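The sequence and structure come first.

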Amino acid sequence: MRFVKGHGTENDFVILPDPGGVLDLAPGTVARLCDRRAGIGADGVLRVVRTKAAGDPAAEAMAGEAEWFMDYRNADGGIAEMCGNGVRVFARYLVDAGLAAPGEWDVATRAGLRRVTLGPSGDVSVDMGPPEHLGTGRASLAGRSYTGERVSMGNPHLACPVERPVAELDLTRAPGFDPAVFPDGVNVEFYRAVGERHLEMRVYERGSGETRSCGTGTVAVAAAAAGERGGAEGEWTVDVPGGRVVVTLGGGTSHLRGPAVLVAEGEIRSGWLAAPGAS
Ligand SMILES: N[C@@H](CCC[C@H](N)C(=O)O)C(=O)O
């Protein structure tokens, strides 16, 4: 099976081209592919499938509007509704592979259609839809409790403001949260203002652990920070361990812009896929 490796601000993905939807992507297979020692290594998998062949009625209902469906999986094999860096890398892959033209078009995702804008090379921008503010929530980390804003970007986030530099946080363990408040789990972001409309952020992602960036998370923290300042719309810069993205809030939606890089491509040995360790 062919694969491509890519990343958006070092949030990295194994891209699996499966236009006809023939691939049986079991959670264990995804986890093995994402394993950084025994597999290729990544924060998640992007299966590139034609919307009409996605094998999911909700996805196939978008076939008239989007040719391609982003079937995103977390590193643990679990399914997530949306991935902001993933959709940008997905779009870059489609253009690079000649499967879509540079310009503006919709990608189908489990969270609905997402409009991407890209040239033949360079940054990719995506309309992420309106951040949904759901009130406050709490997380715990290293014996401390944090209050944040619950934000849905199609997937669940808890955006927690902190006073100290985010580099000082210990994210080697998962933050605690109340499963009654977050029955499907949650991506927990910690952010701090470092300038005017300028934030730094670290994240512990549901299903992937600490990653070096989370696109939906950067929009969630920008939306939370804007909410604290009375709904400040416009451009927000968000620094993450893997680089920098720009979030624009306004017009009843949000946009995420940043790099999307294809790094390598190759062939996954079919013997390894069938029986890892045996080939
Ligand atoms: N890294 C992604 C988010 C991936 C999904 C997330 N872990 C979840 O389970 O919701 C991004 O760039 O948005």
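The sections below take the overall fold and then the ligand shell.

## Overall form

The model is predicted. Its chain contains 18 strands and five helices. The C-alpha trace extends about 50 × 40 × 30 Å along its principal axes.

The radius of gyration is 18 Å; because a compact globule of 279 residues would have a value near 19 Å, the chain agrees with that expectation.

## Packing and contacts

Of the 279 residues in the chain, 46% are buried. Among contacts with a separation of 6 or more, 63% join residues 24 or more positions apart.

## Ligand shell

Which residues are closest to the ligand? Ala80, Asn85, Asn155, Gly215 and Thr216 are the closest, in a shell of 18 residues that surround the ligand. Two elements, α3 (84-96) and α4 (215-228), each give two or more residues to this shell. The most comes from α3, which gives three residues.

By residue class, the shell around the ligand holds 13 polar residues, three nonpolar residues and two charged residues.

## Domains at the ligand

Where in the chain do the shell residues come from, in terms of domains? Domain 1 (2-121 + 260-267) and domain 2 (132-251) each provide at least three residues of the shell around the ligand.

Key:
Residues numbered from 1 in each chain as written. Predicted model: local features only at pLDDT ≥ 70, side-chain atom pairs only at ≥ 80, totals over all residues. Near = placed C-beta within 6 Å. Helix = DSSP H or I, 4+ residues; strand = E, 2+ residues; numbered from the N terminus. Nonpolar A, V, L, I, M, F, W, Y, C, P; charged D, E, K, R; others polar. Domains from an automatic or database assignment. Rg over C-alpha atoms; globule rule 2.2 N^0.38 Å. Buried ≥ 20, exposed ≤ 12 C-beta atoms within 10 Å, placed from the backbone. Contact = placed C-beta atoms within 7 Å.
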